[in-house]
Amino acid sequence: MERLQKILANAGIASRRAGAELIKEGCVTVDGRIVLEPGARFDPSQCEIKVDGKPVKIHDKKIYIMLNKPQGYISTARDPRGRKTVLDLVPNVGARLFPVGRLDRDTEGLLLLTNDGHAAYTLTHPKFEIYKTYLAVVEGVPAEEKLSLLRKGIRLQSGHVSSPAQVRIVTVSPDSAVAEIKIREGRKRQVREMFDFIGHPVRSLVRTHLGRLELGDLKPGSWRYLTKAEEDWIREMSAGPQERPSK
Ligand code: URA
């Protein structure tokens, strides 16, 4: 017996969080009855689960695509307002892909698309401590003591204190600098907020790494399948001892 939210994620319908929303919105039925509780447990082989009236098929084949998200696209699988989404940039691969985590509309860079809800959960939840690396062009040149504030953690507008970041200046020019920052969280506009906090607003932002996955020379708007070694790393992360909830 598995939680409904996890069954949807494993079937590639949505990430666990997005699946929970679908359930709470009343889009999911089990044997013809609406279930509103994401944690309700079922055996997917013994019941018929439908989302928006369509039967859920349990896919075995997991697909992983790395996209270099260009600016101007939103990182959701569907947008009720009809804006361009990252799924408009990849071909139909016969599975329902969704993005792993989010990049702002004006952020570029590495975005993983998959139908593997379990991997999506592992790669985004802060407890698994998978670092995301960004290159930020910021206004002015931040002093070391300001970078130290980011290394220690700052209080974000939400009230959450950011976990320790690794940050260094890569290049400087008269009125700006390129900073590399590694964080293991992915809160909304977090990197922009962190640099705003120290008085050096971000002019442009690119995600270059997600754990061991590296954007390399993939051009904005281009995509590729992950290599076997990259897929193996994801499986290792998803199946490792760290999957056990931390105390
Ligand atoms: N932090 C941001 O500010 N924006 C992103 O898109 C990702 C991380």
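Visitor: Arg-78 first: buried or exposed?
Guide: Arg-78 counts as exposed, at 51% relative accessibility. Buried means under 20% relative accessible area, exposed over 50%, and partly exposed in between, with a 1.4 Å probe and protein chains only.

Visitor: Before we go on, what am I looking at?
Guide: This is a predicted model, so local features need pLDDT of at least 70, side-chain atom pairs count only at pLDDT 80 or more, and totals for chains, interfaces and linings use all residues. Residues are numbered from 1 along each chain as its sequence is written, and side-chain values use heavy atoms, leaving out hydrogens and water.

Visitor: Back to Arg-78. Which side chain does it meet in a salt bridge?
Guide: That of Asp-52, at 3.6 Å from N to O. Arg-78 sits in the loop between β7 (64-69) and β8 (98-99), and Asp-52 in the loop between β5 (49-51) and β6 (54-55), so the pair ties together parts 26 residues apart in sequence. Asp-52 is partly exposed, at 45%.

Visitor: What are the cut-offs for those terms?
Guide: A salt bridge is a side-chain nitrogen of Lys or Arg within 4 Å of a carboxyl oxygen of Asp or Glu. Helices (H or I, at least four residues) and strands (E, at least two) are DSSP runs, numbered from the N terminus.

Visitor: How many salt bridges are there in the whole structure?
Guide: The search finds 15.

Visitor: Which residues are linked in a network?
Guide: Asp-104, Asp-106, Arg-189 and Arg-192 are linked by salt bridges. Asp-104 pairs with Arg-189, with the closest N and O atoms 3.4 Å apart. Asp-104 also meets Arg-192, at 2.9 Å from N to O.

Visitor: What about helix α5 itself?
Guide: Six of the eight residues of α5 (190-197) are buried, so the helix is largely enclosed by the rest of the structure. Its buried residues are Gln-190, Val-191, Arg-192, Glu-193, Met-194 and Phe-195. Their cover includes β10 (132-139), α4, β11, β12 (176-183) and β13 (202-210). Just after α5, Gly-199 has a positive phi of about 80°.

Visitor: Now the domains. Where are the bounds?
Guide: Domain 1 is 2-55, domain 2 is 64-126 + 212-238, and domain 3 is 131-210. The bounds come from an automatic or database domain assignment.

Visitor: How far apart are domain 2 and domain 3?
Guide: Their C-alpha centres lie 22 Å apart. The contact (heavy atoms within 4.5 Å) takes 18 residues from domain 2 and twelve from domain 3.

Visitor: What area do they bury between them?
Guide: About 1300 Å², with 44% of it on carbon and sulfur atoms. In domain 2, Asp-104, Leu-110 and Pro-126 lose the most area to domain 3, together 31% of what that side buries. Buried area is the accessible area (1.4 Å probe) that two parts lose on being put together, summed over both.

Visitor: How many salt bridges run between domain 2 and domain 3?
Guide: Four. On the domain 2 side, β9 (108-114), α3 (117-124) and β14 (213-214) each give two or more residues. The largest share, five residues, comes from β9.
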